[in-house]
Amino acid sequence: MSTLTKKNRMNKHTVALKDKFETALDKLEQAKPFAKSLYQTEVFQLAIELAGSDEGLSHIYQKAHRFDKAGVFHGGLWEDPTKMQPPFVGGSLKLKEGVNSILELLSEMRMLAIAKGDYTHQDLSMGEAGAFLNEVLALNLDLLFPLELEEGDTQLEDHMVRAHRLFHYLGQELSFKAIAEKIVQEIDRLTVQRPIKTGRILNMIDMSGQLVERGIDEKTADELLKYTRAAYAPTPLSKDIANQREYRLKLENAYDDELEAEAKIFAGAMKDTGLVSPYHAVLLRFLNRKNSHIIPISLDLSEIGIANFNAHKKLIHDIIQVSIYPETRQAIYGLALMLDRGVLAQDSLHYSLSSLFDLPIHAQVRQSLSRPETEHGGISINGLLIAGVVSVLGQPLGVGQGHNPTCQSARAISLWSQHGIERLMDYITRAARDNDISMAFEGEVIHSSLLIGGIANEMDQDLDPVSTVLVPHLDKIYHEMMKRTLLRGEDGHKWVNPEFYGEWIPRGFLNAIDQMTLNVTNYPAFVKLFYATHHPDYNEGFELVYPNPVGIFITNVHGELLGLHAVSIQRIKKDKNGEYRIYFYNPNNDSGQNWGQDIKASVSGFGELEGESSLPFHEFLARMYAFHYNPFLQGDTYMVEDSLVKEVEALAKDSWGKNYEWA
């Protein structure tokens with residue numbers, strides 16, 4: 001059969017599909033609302049076939065203005081375009097089973113039609129639709145710029161081919177300049193939070209390289225290149241290097257002033273972005289052997305950090321030798337911050353860290369810590385664990401829960417790395433050596449190795465090493481403690497949190513939700529007590545000494561309830577505008593979120609420390625459902641104005657409060 005004949009047949013097939021798709025849309029549009037679901041399936045099936053070619057995909061777009069009126073999304077999650085959220089798009093497109101993948105594709109086509117003005121939606125503007133799509137593309141660069149399959153690789157499945165074709169189409173229709181600007185914003189937003197795990201950031205940097213060559217403006221290109229250099233080769237000697245061996249040879253022949261210049265540039269890029277180059281690790285290992293006096297420069301240490309380095313040179317030498325490799329380069333940032341914190345002044349920590357070098361690691365823990373990217377780098381399992389400990393001690397607010405429902409456990413690691421280091425190190429040692437930890441709950445010892453289940457049935461292993469080792473145990477113990485309080489008629493967190501986290505957790509506790517009726521009860525008293533115990537103008541000026549674990553309602557950009565979440569209040573201070581803000585730690589890996597009602601958690605610009613989020617006092621309170629307090633450190637609740645209570649209550653009732661009865 002000739003190529004021309006094949007092409008004619010394909011064209012005829014596509015024409016036939018277009019006609020069938022048109023007919024299916026007509027039938028769906030004419031159907032009564034209660035019968036729409038009977039006709040949607042045919043539209044979905046035909047859309048899947050059409051999306052198998054560029055011409056077919058273009059035809060889907062041409063009909064996108066009809067989708068809403070016809071009822072393509074009727075009765076489903078995609079019905080209201082104003083409720084679509086960019087972070088969820090990629091996941092839906094990658095689902096093989098069911099209709100979610102094709103529904104998401106149709107939804108993006110509708111959004112594109114709105115963005116280009118081919119479809120006018122009464123609740124969504126062209127600009128809003130365009131911004132949505134730019135963010136979608138920025139978050140899914142792997143779909144916009146797919147890697148080419150190498151010889152021997154398995155071919156992509158149909159739904160993934162379809163997703164790549166969709167993103168190629170969107171990329172042609174949208175501005176690469178706008179996409180690049182969105183990527184820079186996203187990288188800025190993520191790096192300022194200083195997470196320990198930087199894979200998501202590095203992936204965005206890697207994928208965004210192709211945008212630099214596509215006509216984006218110079219300022220945006222420079223920003224992307226700044227991050228690329230910081231993550232890979234920011235220094236004179238590391239540029240144009242083929243591999244790490246070649247760089248090491250250059251260091252061998254470098255003069256001291258050249259080494260100091262390298263060290264300063266690496267340190268500057270690291271402190272500026274929170275990212276560490278693999279060549280930084282090569283340099284640090286080299287300095288550790290031959291020029292240790294330059295190490296403080298390569299870490300940009302403060303006076304406290306330099307003093308700690310000089311007082312513990314042997315330990316720092318051993319940490320670098322055993323745990324700092326290109327594969328664990330991010331721990332260099334943790335090492336710098338750990339020294340600046342001055343925590344090595346604690347004799348117990350010096351001993352605990354030293355004991356990890358030759359600690360026998362349990363076989364199951366050894367397996368969970370093993371990673372393909374570190375197998376051939378020369379680093380031991382003990383070295384990986386030590387690198388993880390250094391990161392956590394340097395970046396207590398950089399601990400993340402990954403894709404696990406374990407915010408309580410991540411919060412515990414963060415709290416202990418700030419104010420319970422001895423306890424944290426004891427748990428790490430026992431978990432790594434014995435694959436077991438124990439805690440006492442009301443006088444009875446609970447061993448994690450004797451427990452089954454927990455909140456997270458299957459753990460996503462994309463965690464820092466300390467979390468990988470500890471979270472499975474912490475999760476089971478916390479779950480067991482909560483089970484033991486089920487029949488008490490009150491929120492179990494009242495008893496569990498002080499036992500689980502430590503004695504610094506205040507014993508006073510209040511929940512806005514009555515545990516017997518599940519109604520919101522006496523909410524004004526809840527608001528007034530929080531003001532009287534936490535707001536400096538109403539609590540006699542008492543300040544937080546330790547982070548306070550609180551429970552919040554997580555809501556989406558429309559203020560709709562998504563679930564419950566555990567965070568820690570770090571401090572309460574006035575911002576640059578003189579407004580009191582609550583600065584808090586959020587273990588969910590991405591703290592700069594829009595919670596609806598124009599409540600947007602900030603990660604920079606209002607005096608946030610690394611890893612902190614912040615909100616105005618009343619906005620944070622409007623999303624909170626439970627908190628601890630010290631009854632001996634509080635002001636008078638009657639001094640809290642009713643106007644403040646009404647402001648918070650209005651925000652609460654019009655968001656998560658819609659899901660509850662108010663008594």
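Me: In this predicted model, two strands pair if DSSP finds at least two bridges between them. In which sense do β1 and β2 pair?
Reply: Strand β1 covers residues 438-441, and strand β2 covers residues 444-447. Four bridges link the two strands. Their pairing sense is antiparallel.

Me: Which residue of β2 is the bridge partner of Ala440?
Reply: β1 and β2 pair over four bridges. One of the bridge partners in β2 belongs to Ala440. That partner is Val445.

Me: Which residue in the turn between β1 and β2 has a positive phi?
Reply: The two strands form a hairpin. Two residues lie between them. In that turn, a positive phi of about 50° belongs to Glu442.

Me: How many residues in the contact of α23 with α24 are nonpolar?
Reply: α23 brings Ile413, Trp416, Ser417 and His419 to the contact. α24 brings Ile421, Arg423, Leu424 and Tyr427. By class, two of the contact residues are polar, one is charged, and the nonpolar ones number five.

Me: What is the order of strands in the open sheet?
Reply: The sheet has six strands.

Me: Which residue of β7 is the bridge partner of Tyr585?
Reply: Strand β6 covers residues 580-585. Five bridges join β6 to β7, and the two run antiparallel. In β7, the partner of Tyr585 is Glu612.

Me: At what angle does α27 run to β8?
Reply: α26 lies across β3, β4 and β8, at about 55° to β8. Helix α27, residues 523-534, lies across β3, β4, β5, β6 and β8. The angle of α27 to β8 is about 40°.

Me: How many residues line the largest cavity?
Reply: The whole structure has one cavity of 30 Å³ or more. The largest cavity holds about 70 Å³ of space. Arg411, His493, Asn497, Val550 and Gly551 lie nearest its centre. The lining residues number 13.

Me: Which elements give two or more residues to the lining of the largest cavity?
Reply: The lining divides into seven nonpolar, five polar and one charged residue. Both helices and strands give two or more residues. These elements are α23, α26, β4, β5 and β8.

Me: Which element gives the most to the lining of the second largest pocket?
Reply: This pocket has a volume of about 600 Å³ and is lined by 26 residues. Met482, Asp491, His493, Leu564 and Tyr625 lie nearest its centre. At least two lining residues each come from α23, α25 and β5. With four residues, the element that gives the most is α25.

Key: Residues numbered from 1 in each chain as written. Predicted model: local features only at pLDDT ≥ 70, side-chain atom pairs only at ≥ 80, totals over all residues. Heavy atoms only, no water. Contact = heavy atoms within 4.5 Å. Nonpolar A, V, L, I, M, F, W, Y, C, P; charged D, E, K, R; others polar. 1 Å grid on protein atoms, 1.4 Å probe; cavity = no way out; pocket = protein on both sides within 12 Å on 5 of 7 lines; lining within 4 Å. Points joined across faces, edges and corners; volume = space filled by probe spheres on them. Axes fitted to C-alpha atoms, helices over the stretch in contact; angles between N-to-C directions.
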